[in-house]
Amino acid sequence: MASNLIKGQKTIKGYNITFYSSISASKKDTLILLHGLADRKEGFLKMVKYLSKDYHIIIPDLPGHGDNIKDETLDYRIQNQIYYLKDLFDQLKLDKYHICGISTGGLFGIYFSSLYPKQVKSLTIVNTPFINDSSNPFFNKFLEEIGENLNIISCLDLVFYKRPKFSWPITNRLQKQLRKDLEFLTRKNIIKNIFILPKSILSSLRTPVLILHSPQDKLLPVEDAKKYHEIIPNSIYGTLKESGHYPQYEKPSFLSAGIRGQIERNSTRKLD
């Protein structure tokens, strides 16, 4: 783990949420990083060295992910997960903050910003699928990789521009963890049910939004990013070259620079 982060845990309505946070918050702007489906907070660690000197970083594991318990009784619809996140941020005494969401983490950022516009100074969404019904091809393609013959190599090829080379023990561990995560997400029907956002939410967003897309993303077509740009008022559109669906792993410095620009543009924005 990055030396300038500490691991914490807060109990929200009887459910423990695990997170990383900066050791010292001081008077820095707060940046919240939200991971995507079947990912975890550790996916952002490569970015921390580019951002932690200037910002107070918070990186939670979303409910049912990472170190959080896969509770079969929890309601994982997006609005309920947003309430868990808001309670977490309140317990951490966060008032106003910037949010960056990767993949489906961007959907959480959009929904959070629509519910709490007076808390979110800016939002950055990265390779976020455009979803207004449960038949979105993003999930159909994602689900094609799930099943009894799940192959971690094909999954990595799908989400990376250039697949990293791992030793066999690491590859085997990743495959077991991915199978466990995806079996839970599909069994709870999380993939199909939680991420639907009405277009009215997008068109009424008051938060400044930066939309970043990787042209080499094999999961997500550029049309999804362009739809967001067309609907969200005053949004900014940009690209991240030579990276796949999860650029925080492949291009952490470039992604961090984009986020930094969005924060600096909106750091002094008044939220009344």
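**Close-up views of aromatic rings and loop residues**

**View 1. Tyr 116 is buried, with a relative accessibility of 17%.** Buried denotes under 20% relative accessible area, exposed over 50% and partly exposed the range in between, for a 1.4 Å probe and protein chains only. The model is predicted: local features require pLDDT of at least 70 and side-chain atom pairs pLDDT 80 or more, whereas totals for chains, interfaces and linings use all residues. Residue numbers start from 1 along each chain as its sequence is written, and side-chain values use heavy atoms, without hydrogens and water.

**View 2. Eight aromatic pairs occur in the structure.** One of them is a tilted pair between Phe 112 and Tyr 116, with 4.9 Å between centres and 50 degrees between planes. Rings of Phe, Tyr and Trp (its six-membered ring) pair if their centres lie within 6.5 Å; planes under 30 degrees apart are stacked, over 60 edge-to-face, and the rest tilted. Phe 112 is buried, at 1% relative accessibility. Ring pairs join Phe 112 and Tyr 116 with Phe 89 and Tyr 97 in a cluster.

**View 3. The charged end of Lys 86 sits over the ring of Tyr 116.** The distance from the charged end of Lys 86 to the ring centre of Tyr 116 is 5.0 Å. Such a placement requires NZ of Lys or CZ of Arg within 6 Å of the ring centre and within 35 degrees of the ring normal. Lys 13 lies over the face of Tyr 84, at 5.8 Å from the ring centre.

**View 4. Ser 103 has a positive phi, near 55 degrees.** Most residues other than glycine have a negative phi. Ser 103 belongs to the loop between strand S5 (97-102) and helix H3 (105-115); helices (H or I, at least four residues) and strands (E, at least two) are DSSP runs numbered from the N terminus. Ser 103 is buried, its relative accessible area being 0%.

**View 5. Asn 127, although not a glycine, also has a positive phi, of about 50 degrees.** Its loop runs between strand S6 (120-126) and helix H4 (137-144). Asn 127 counts as buried, at 0% relative accessibility.

**View 6. Ser 214 touches Asn 127, Leu 240, Ser 243, Gly 244 and Pro 247.** Residues up to four places away in sequence are not counted, and contact means heavy atoms within 4.5 Å. Ser 214 is located in the loop between strand S7 (209-213) and helix H9 (222-231), and counts as buried at 0% relative accessibility. The side chains of Ser 214 and Ser 243 form a polar contact of 2.9 Å. A polar contact is a pair of N or O atoms within 3.5 Å; within protein, one must be able to donate a hydrogen and the other to accept it, and residues adjacent in sequence count only if both atoms are side-chain atoms.
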